Amino acid sequence: MIVFAYPLAFMLLLLPFVFYLLMPRIKGIYGDALKFPFITDLKRISVASGGIWSQNSDNLVFSKKFWFMYAIWCLLCLSAARPQIVGEPIRLKNESRNIMLVLDISTSMLEKDFSIANQRISRLDAVKKVVSDFTDKRANDRIGLILFGTRAYLQAPLTYDKASVKDILWSMQAGMAGDSTSIGDALALALKNLRNNPNAKDSIIILLTDGENNDGSLSLGEAIKLAADENIKTYTIGVGSPHVFFNMLSIARPNVDEQGLNLLAKTTQGQYFRAENTSDLQKIYQLIDKLEAASNDERYIKEITELYYIPLLMALLMLAIVIYFLKGAE
């Protein structure tokens, strides 16, 4: 479909007639006439060309020379209106988010207090299954992965390659990064990798752990200050049952640092969640998926092909013809 970017340019088509009506006239041997300096040149062209221009009338508006020049003017006005061919609308993908998954793989994640299909599994195996399903749902997002224990390691920088992230998820083993827990270092590493990436304002961190910060260079308090400065929303998840059953007795055991994780989440406008079983963990990631839903704004673009140069070239060609006859008449 052909459209015009500046249709008001067609109003310029009336400009020569406005000048004809408004400009003062002079009387001479040829009667009333407009003061157009190029008329003499046009008459010389007519003589040199053997009658290209009509001499049947002294009235400029009804002469062939006027309409020839006016045709050039029309082509210039057409070019100024910017004719375009507009293609069919093409839908753009929704803007993606940056999601950094920060997972605890200390040896305590081997505790078998989770289950799937009535079969006891370790916390880590439950995390693999649930996080893998969550990754599949984030089709348009970039996912990164950090694993931590005694040390924190970037296993997958932000990427659209979900298959590679899932391969790392399923291959990770408890204790690979050490036996202790350095939450502060892991959080700092996540912030560092998100800071200089596109769409930083749409970045989130999902940090999962079953313990408290007991190793590493940074305390949890120091890491929380860094997170507040970077202003990157952080969701925290504490996993594991707060009790262990031994000979039918429920015995309390060292638990997740809920106070620290809750403070981290609130400081960054995120949320803290507690998962004591597989069902809890699935519901938490489903809720985060809804809270951080991808943008539903449908954006479209249209391919535009400019055509203004065609009438412009035609006008220049006609003008070249005029100049050619002018030189020939000299």
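Helices in this tour are DSSP runs of H or I with at least four residues, and strands are DSSP runs of E with at least two, both numbered from the N terminus. This is a predicted model, in which local features need pLDDT of at least 70 and side-chain atom pairs count only at pLDDT 80 or more, while totals for chains, interfaces and linings use all residues. Residues are numbered from 1 along each chain as its sequence is written, and side-chain values use heavy atoms, with hydrogens and water left out.

Of its 330 residues, 41% are buried, meaning under 20% relative accessible area with a 1.4 Å probe, counting protein chains only.

Next, select the open sheet of six strands, which has mixed pairing and the order 9-8-5-10-11-14; two strands pair if DSSP finds at least two bridges between them. At its edges lie strand 9 (152–159) and strand 14 (272–275), each of which pairs on one side only.

Within this sheet, select residues 98–104 and 203–209, which are strand 5 and strand 10, paired in the parallel sense over six bridges. Here Asn98 has Ser203 in strand 10 as its bridge partner.

Finally, select residues 183–195, helix 6, which lies across strands 5, 8, 9, 10 and 11, running at about 160° to strand 10.

Notes
Contact = heavy atoms within 4.5 Å. Axes fitted to C-alpha atoms, helices over the stretch in contact; angles between N-to-C directions. Buried < 20%, exposed > 50% of the residue type's maximum accessible area, 1.4 Å probe, protein only.
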